[in-house]
Amino acid sequence: MKRRVPMGLNHQQIGEVAERTGLSLRTIRYYEEVGLVTPSTRSQGGFRLYSEVDVARLELVKRMKPLDFSLEEMGELLGVLDALESDAPHVEEREALLERLATFRRATEVQCVSLRSQLESAEGFASSLRREIRRQARVVAQSR
């Protein structure tokens, strides 16, 4: 169970975290509900209090979302990072964790290539619309 502490400088309430991360209160609560990011503690009044580590986890999840990682994959990556930060992993376990981390990196790179391709396509479309607007504006100007 999380301990209850008075609000201090090291913790932020959910509204502050939402503003800082650009995530909605609902999204942050949902990520807590599914076990991705749990507030470090609660105030004596029961308010969620987030540490810098909690905020960093939310930022990581936020960055994974547009790359089409599932909630399960997000949780797995957070688990890998947590395990790597712990003192527990032996050399073999650390190597396995690093390989899993490399798998996430490769998947991210594939998504980056796909997103670049989509962006190029969108930029080409925007360019063709700009040309069409100029062409149509000339037609309007000539008919005056």
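Visitor: Before we start, what should I know about the numbering and the model?

Guide: Residues are numbered from 1 along each chain as its sequence is written, and side-chain values use heavy atoms, with hydrogens and water left out. The model is predicted, so to speak of local features requires pLDDT of at least 70, side-chain atom pairs count only at pLDDT 80 or more, and totals for chains, interfaces and linings use all residues.

Visitor: OK, what is the strand order in the sheet?

Guide: The open sheet has 3 strands in the order β1-β3-β2, with antiparallel pairing; strands are DSSP runs of E with at least two residues, helices are runs of H or I with at least four, and both are numbered from the N terminus. Two strands pair if DSSP finds at least two bridges between them.

Visitor: And which strands are at the edges?

Guide: Those are β1 (12-13) and β2 (41-42), each of which pairs on one side only. Strand β3 (residues 48-50) is joined to β2 by 2 bridges, and T41 stands opposite L49 in β3.

Visitor: Which helix packs on the sheet?

Guide: Helix α3 (residues 52-64) does, touching β1 and β3, and its direction makes about 85 degrees with that of β3. Contact here means heavy atoms within 4.5 Å, while axes are lines fitted to C-alpha atoms, for helices over the stretch in contact, with angles running from 0 to 180 degrees between N-to-C directions.

Visitor: Changing topic, how do α1 and α2 cross?

Guide: The axes of α1 and helix α2 (residues 25-33) come within 9 Å and cross at roughly 105 degrees. The two are therefore roughly perpendicular to each other, a label for angles of 65 to 115 degrees, where under 35 is roughly parallel, over 145 roughly antiparallel and the rest oblique.

Visitor: Which residues meet there?

Guide: From α1 they are I14, G15, V17, A18 and T21, and from α2 they are L25, I28 and R29.

Visitor: Is A18 buried or exposed?

Guide: A18 counts as buried because its relative accessibility is 9%, and buried means under 20% relative accessible area, exposed over 50% and partly exposed in between, with a 1.4 Å probe and protein chains only. Leaving aside neighbours within four places in sequence, A18 is in contact with L23, S24, L25 and I28.

Visitor: What about α1 and α3, how do their axes cross?

Guide: The axes of helix α1 (residues 14-21) and α3 come within 11 Å and cross at roughly 45 degrees, which makes α1 oblique to α3. Their contact is made by V17, R20 and T21 of α1 and E52, V55, L58, E59 and K62 of α3.
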